[in-house]
Amino acid sequence: MEQRAEGESIRVASEELSREFKTLIKTDDLNSLNHLQHLILGRLQDSNAVLSHFNEFSENCFAEVSGDLSRNTRLLKSMKSDLDYIFLKIRSMKSRILATYPDAFPDESTSEALDRRPDLERPQ
């Protein structure tokens, strides 16, 4: 019984407070705010629809491209390992040639003048 009376007093106080607030704010202002909120809601719903459509489009595009992307990634990794193996063989052949013929390759100062290619191993 006590809880019911407390709940009733809270309800009465809430109604009184809401009546007081209604006297503070003009009805035209409330209607204007309500109209603006509906406009904003419409714009947000339109934006949400556009974003949902874009997400679906992106998902379809990714599904189309992902196979090619993974295949090309595997190909690049394979090519890199092949090139690493080739350069390893070239270095070993060069060291064997230098051991047999010490004058076969120019020294460091001359080789820098001849070889102007950038070193792709070092970040710039």
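Tutor: Start with Arg19, which is partly exposed because its relative accessibility is 45%; buried means under 20% relative accessible area, exposed over 50%, and partly exposed in between (1.4 Å probe, protein chains only). The model is predicted, so local features need pLDDT of at least 70 and side-chain atom pairs count only at pLDDT 80 or more, while totals for chains, interfaces and linings use all residues. Residues are numbered from 1 along each chain as its sequence is written, and side-chain values use heavy atoms, leaving out hydrogens and water.

Arg19 has a partner: its side chain meets that of Glu16 in a salt bridge, at 2.7 Å from N to O. A salt bridge here is a side-chain nitrogen of Lys or Arg within 4 Å of a carboxyl oxygen of Asp or Glu. Side chains of opposite charge can pair when their charged atoms come close. Glu16, at 37% relative accessibility, is also partly exposed. Both residues belong to helix 1, three residues apart, about one turn of the helix. Helices (H or I, at least four residues) are DSSP runs, numbered from the N terminus.

By this rule there are five salt bridges. Another one joins Glu15 to Arg11, with the closest N and O atoms 2.6 Å apart. Glu15 is partly exposed at 35%, and Arg11 is partly exposed at 40%.

In helix 2 (residues 27-100), Asp84 and Lys80 are four residues apart, about one turn of the helix. Their side chains form a salt bridge at 2.9 Å, N to O. Asp84 is partly exposed at 36%, whereas Lys80 is exposed at 51%.

What is left over includes a nonpolar surface patch of about 770 Å², made by Leu17, Phe21, Leu24, Ile25, Leu30, Leu33, Leu36 and Leu39. Patches are made of residues with over 30% relative accessible area and no salt bridge; like charges are joined within 9 Å, and nonpolar side chains (Val, Leu, Ile, Met, Phe, Trp, Tyr) within 5 Å. Accessible areas come from the Shrake-Rupley method with a 1.4 Å probe. Helix 1 and helix 2 are the elements that give two or more residues to the patch, and helix 2 gives the largest share, four residues. Ile25 lies in the loop between the two helices and is partly exposed at 38%.
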